[in-house]
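Good morning, and thank you for coming.

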Amino acid sequence: MGKRLTRTLPTAQTLVGSLLASASFTALAQGEPLAPEALDWQPWDRAAAAGQLCRGRYVMPAYRLPEEENPETLSLEASEADYAANGEAMLRGDVVLRRGVAELEADEVFVPSDRQQVDAQGRLALRDGRALVRGDSATLMLNEDRASLRNSHYVLYDQHLRGQADQLEQVGEDLYRLQDATFTTCDPGENTWHLVGSDILLDQASGFGTARNARLMVKDVPVFYWPWLRFPIDDRRHTGLLWPAFSFSGDGLDYAQPFYWNIAPNQDATITPRWITDRGLLLNGEYRYLLPNAQGTVEGGYLSSDDGGSSGDSDRYRGMDRWYIEAQHSGRINPRSGYELRYGSASDGRYFDDFGGEFGSSDRVSLDRLAQIDYRGDIWQLDARAQGYQRLEDPLADSDKPFYQLPSLTANARVPLGEGFYGEWNANATYFWRDIDENLVPEREAMTGSRVHLTPALGWRFEAPWGYLEPRSELWYTTYDLDYGSRETERSDTPTRSTAITSVDAGLVFERELDLGQRGYRQTLEPRLNYAYVPREDQRQLPDFDSYERAFSWDQLWSPHRFSGADRVGDLNRLSVGLESRLLEDASGRERLRAGIGQSYYFSERRIDRDGNPDTLPARPEDDPSVNPLSRYQATRDRSPVVSRLDWQIDERWSTGVEWLYDDERERTESSTLDLRYRHPAGHIVNLGYRWEIEGFDPDIVPGDDGFRNYNREEWDLSFAWKATPQIDLIGRYLHDQTNDRSLEQLAGVQWNDCCYGVQVVWREWVDDNDTAFIDDDFTDRGIFLRFVFRGLGGVGQQADSYFERTIPGYRPTVL
């Protein structure tokens with residue numbers, strides 16, 4: 001049995017305590033590899049290995065010596081111990097020393113009489129719960145910040161990181177030098193890649209490492225070389241180059257090289273020169289800051305003299321300086337009040353289509369401009385703002401330019417009055433402005449000026465388990481003070497409107513127990529009636545600042561408001577009838593199915609449109625091609641389309657949703673959508689979508705608008721993400737324009753996920769509509785996009801995860 005000795009030594013920063021306290025240093029060596037088990041490697045068992053990318057994990061074995069009550073106590077055990085008269089000690093044969101969380105194993109340990117150092121020889125192993133270091137020999141200075149290990153191997157357990165170094169030295173407090181060192185996150189025996197450096201210095205105090213003659217090796221082939229490299233060794237942010245991003249598309253090679261600047265603990269910036277072969281050098285930048293009660297960002301980009309590109313809209317911006325700037329700032333004044341500031345501007349409406357989107361496209365449609373402060377109380381909600389935005393379209397007609405609200409003040413309140421009664425107060429005062437030629441827009445849009453809009457309401461709601469009844473009445477009072485500028489007009493500059501909106505909403509709930517497939521369910525049957533009356537008011541003198549007519553839907557069955565905004569109140573004398581049924585699981589209350597059908601019956605024509613004229617109906621499309629082709633029919637029909645919808649959770653994997661608007665008078669479908677979804681616990685995703693929409697279905701879109709299509713729109717959308725194996729993700733999407741027999745988007749990609757690296761290759765082809773309503777000037781663009789990630793070092797290529805999540809609903813990419 002080994003001899004057990006316990007002794008208390010002075011506390012000191014030794015190799016065990018300091019080097020291994022680093023949770024993530026990034027580099028380390030060459031030499032003969034150790035067997036996996038010597039690196040505390042444990043392969044997964046067969047059951048656990050099925051879902052793992054790595055073949056195993058690093059796990060520290062149990063301590064061989066028990067923990068002492070005093071963490072400064074040095075416990076040791078050895079087979080043999082020789083003591084000299086002068087106090088020297090030689091420990092031999094499976095020597096184990098432990099102090100605190102650090103434990104040393106060696107064949108021999110020599111402790112001199114002054115107890116200033118420890119010399120260890122043979123099969124050396126140092127562990128502290130987070131890391132392992134092995135070597136042939138070591139000298140540890142117990143009272144100084146110096147130590148040395150020869151022919152060392154190391155492992156960081158949680159980071160799945162290992163490496164080697166011919167010589168590892170502690171040369172000062174928190175300062176370490178490694179000679180001929182390597183680093184990798186690959187499993188033992190699988191050096192798919194590793195980083196090699198001839199001289200590596202790790203400074204834990206600053207959180208940096210530096211390496212000379214650093215080489216990135218893939219297998220045994222060098223793929224990148226740095227004469228001198230500076231890199232982070234912990235989670236702190238550090239100034240330096242980030243990995244580049246590149247792609248190939250219709251505009252040629254797109255290469256971006258980010259540079260990160262860690263200005264202060266609460267401030268940083270990223271500067272990214274980006275070379276696009278067919279356009280030139282684009283300089284992007286982003287600045288971020290964090291304050292105790294606020295945060296913000298400032299970003300922008302600049303390209304001097306665009307070379308024009310080679311896609312379908314080439315030469316449109318040739319020779320033009322292209323740029324954008326966007327700033328955001330938000331914060332809290334107190335728990336009930338906050339504020340927000342935003343400003344964005346771009347040189348042209350297609351800047352983000354050309355430069356700002358993932359895979360060559362962008363969803364940006366506007367750049368916001370906002371200064372806002374709010375208050376949220378128990379009764380009152382207050383809001384004050386100045387707001388506008390730049391609409392990102394090119395060309396952009398004057399009539400499409402948005403109004404600015406300079407300012408807009410809102411005060412809303414809801415007060416319970418008892419016995420089911422309630423009162424509401426909603427008030428808004430806004431000044432509208434925009435920079436246009438007043439003579440180039442419709443007369444109702446030619447003015448600027450102020451609007452005060454008051455909507456007090458009184459209602460009563462009776463509710464019981466078997467049903468509810470809610471009559472409600474609200475008064476819309478609106479007054480204006482307008483300026484038409486240079487435009488001559490006979491319209492009033494101080495028009496007013498006062499209109500009462502009355503509605504009654506009522507519903508019943510019937511329930512029954514139901515057994516289906518040996519499962520208990522609760523089925524409901526819920527009939528509903530909604531009556532709304534809005535008188536027909538002459539609104540020709542009123543401007544059109546922010547109103548648009550809503551397309552019909554299930555929600556519109558129950559709403560008395562045909563228009564958004566406050567400038568138009570649509571006349572309405574309507575009764576809506578609907579029936580819904582739900583199927584609820586008794587055990588969990590989870591809704592498995594909801595189905596509904598409804599229709600509105602009109603007792604008068606709807607004459608108010610955006611012109612506000614109560615005396616005339618919209619023009620027939622054959623008489624006026626500028627009007628929406630369905631506008632007159634929608635105004636004169638005596639009943640709405642039949643609206644039906646279905647949401648069905650078929651089983652744990654399959655679900656579907658359907659909405660169908662059918663005109664039973666003309667016996668044709670006006671709009672229909674179908675979504676069929678498959679979700680597998682292993683991560684498989686399949687989505688099938690279908691959309692049909694009759695020409696002119698949206699009443700607010702007229703010929704000439706970017707969103708107008710002079711055909712019935714029919715589209716199919718198929719997308720999938722399939723986890724073929726734990727290592728391989730397959731993704732794809734196909735969006736087909738059935739009406740014009742063309743593909744709107746095709747995407748196919750594969751992602752390889754390995755323990756220490758990841759590769760993503762995506763091909764995409766898409767149609768750009770050129771910001772017009774016509775398909776004749778649409779053009780097709782395509783690109784191949786590659787991303788390669790070395791786990792623990794970073795990656796090369798364009799980040800695409802957020803794009804996939806938008807286009808493939810339900811997909812959550814494996815993080816590269």
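I begin with a definition: a residue is called buried when its relative accessible area is under 20%, exposed when it is over 50%, and partly exposed in between, with a 1.4 Å probe and protein chains only. What you see is a predicted model, in which local features need pLDDT of at least 70 and side-chain atom pairs count only at pLDDT 80 or more, while totals for chains, interfaces and linings use all residues. Residues are numbered from 1 along each chain as its sequence is written, and side-chain values use heavy atoms, with hydrogens and water left out.

Let me turn to the disulfides. A disulfide is a covalent bond between the sulfur atoms of two cysteines. Here the criterion is a pair of cysteine sulfur atoms within 2.5 Å, and by this rule the count comes to two.

The link is right-handed, with 85° about the S-S bond. Cysteine 54 and cysteine 755 are both buried.

The other disulfide joins cysteine 186 and cysteine 756, whose sulfur atoms are 2.0 Å apart. Because cysteine 186 sits in the loop between strand S12 (175-183) and strand S13 (193-203), and cysteine 756 in the loop between S44 and S45, the pair ties together parts that are 570 residues apart in sequence. The link of cysteine 186 and cysteine 756 is right-handed as well, with 75° about the S-S bond, and both of these cysteines are buried. With bonded cysteines counted along the chain, the pattern is 1-3, 2-4.

Next come the salt bridges. A salt bridge is a side-chain nitrogen of Lys or Arg within 4 Å of a carboxyl oxygen of Asp or Glu. How many does a search of the whole structure find? The search finds 65.

Consider arginine 64 and glutamate 105, which form a salt bridge with their closest N and O atoms 3.9 Å apart. Arginine 64 is in the loop between strand S3 (56-58) and strand S4 (73-78), and glutamate 105 is in strand S7 (residues 102-111), so the pair ties together parts that are 41 residues apart in sequence.

Another salt bridge pairs arginine 610 with aspartate 544, at 2.7 Å from N to O. Arginine 610 belongs to the loop between strand S37 (591-602) and helix H4 (631-636), and aspartate 544 to the loop between strand S35 (519-534) and strand S36 (572-585); the two are 66 residues apart. Arginine 610 is partly exposed at 23%, while aspartate 544 is buried at 3%.

Glutamate 605 and arginine 607 also meet in a salt bridge, at 3.0 Å from N to O. Both are partly exposed: glutamate 605 has a relative accessible area of 27%, and arginine 607 has 23%. Elsewhere, salt bridges that share partners join Arg434, Arg444, Glu445, Asp544, Arg610, Asp611 and Asp700 into one network.

I close with the nonpolar residues. In soluble globular proteins, nonpolar side chains tend to be buried together. A nonpolar core is a set of buried Ala, Val, Leu, Ile, Met, Phe, Trp, Tyr and Cys residues joined through side-chain atoms within 4.5 Å. The largest such core has 44 residues, and those with the most contacts inside it include Leu91, Val109 and Trp193. A second, separate core has 17 residues, among them Trp476, Leu572, Ile694 and Phe697.

Note on methods:
Helix = DSSP H or I, 4+ residues; strand = E, 2+ residues; numbered from the N terminus.
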